[in-house]
Amino acid sequence: MRIGFIGLGSQGGPMARAIVDGGYDTTLWARRPASLEPYADTTAKVAGSRAELGAVSDLVCLCVVSDADVEEVLGGDDGVLAGMADGGIVAIHSTVHPDTCRRLAETAAGNGVSVIDAPVSGGAPAVEDKRLLMMVGGQPDVVERCRPVFETYADPVLHLGGVGSGQVTKLLNNLLFTANLANAKTALDLGQALGVDASGLGDVLTRGSGNSSALGSIAAMGGSLDVITEVAGALLQKDVRLVVDIAENSGALRGAVLDAADAALRLMDHPR
């Protein structure tokens, strides 16, 4: 299988490297030449355009930032879909609106191309250990064709249903993480107000039944949200907004988790 990869940032870059190291015929494209420099010592090739990358790839993986970026890379006369042959596959690793993936899947189907959504969680360290958590939505046979490629950097690779289901799952994960930030931060602050040693309280809670990934992150930073806010505040705000839109469009009850997530966003000065 020939692989194309677009989106060589802090997350996508190590993923692309893992595919190359896995022995796959890999082609890259990037807006900025500097993004391609780390691959100069590899067997990876460089496409002159998005359409050219599509033409030489059986599977194109996207790890760009936003819905608009995904649509721009795939669409248009010089987009990936314009170059892909019948039977090709596009995997969207970006965390975007599930409706974006479904709409692109319908468009691509007209050209005989399949689209699956495959957002990931874990960051660059998880890629190096081949333990990214991948949540996939799409046709089962298409997902299975891609699985060996995904397993160069992800374990487990979980198939969750039709196109869009991977995005819904990733967004719910991020919603719960955001909600847990509020719970963890306010619990630590309450303990400090009640005279409990903050470091000791964090050590106890991260070992107890109230533990969470969010609590561990905050406790490791001395009870502060500053680093999480700087690194992920805007992204978590975006993801919570997407969940709200999905819930409102489906008529689903949003529940207490959204109240807690909103509280966390306010604590990070990124209100929804």
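## Cysteines and disulfides

Let's start with the cysteines. This is a predicted model, and the structure in it holds 0 disulfides. To count as a disulfide, two cysteine sulfur atoms have to be within 2.5 Å.

Cys101 is in no disulfide either. Its nearest cysteine sulfur belongs to Cys63, 13 Å away.

## Buried or exposed?

So where do these cysteines sit? Cys61 has a relative accessible area of 0%, so it is buried. Cys101 comes out at 0% relative accessibility, which puts it in the buried group as well.

## How H3 and H5 pack

Now for a pair of helices. Two packed helices are described by the angle between their axes and the distance between the axes. Here the pair is H3, covering residues 67-74, and H5, covering residues 98-109. They pack at an angle of about 15 degrees, and their axes are 10 Å apart. Angles under 35 degrees count as roughly parallel, so H3 and H5 are roughly parallel to each other. As H3 passes H5, the crossing is right-handed.

Which residues make the contact? On the H3 side they are Asp67, Val70, Glu71 and Leu74. H5 brings in Thr100, Arg103 and Leu104. Sorted by class, the contact of H3 with H5 has 3 nonpolar, 3 charged and 1 polar residues.

Notes: Residues numbered from 1 in each chain as written. Predicted model: local features only at pLDDT ≥ 70, side-chain atom pairs only at ≥ 80, totals over all residues. Heavy atoms only, no water. Axes fitted to C-alpha atoms, helices over the stretch in contact; angles between N-to-C directions. Helix = DSSP H or I, 4+ residues; strand = E, 2+ residues; numbered from the N terminus. Parallel < 35°, antiparallel > 145°, perpendicular 65-115°, else oblique. Left-handed = near helix turned anticlockwise from the far one by under 90°. Contact = heavy atoms within 4.5 Å. Nonpolar A, V, L, I, M, F, W, Y, C, P; charged D, E, K, R; others polar. Buried < 20%, exposed > 50% of the residue type's maximum accessible area, 1.4 Å probe, protein only.
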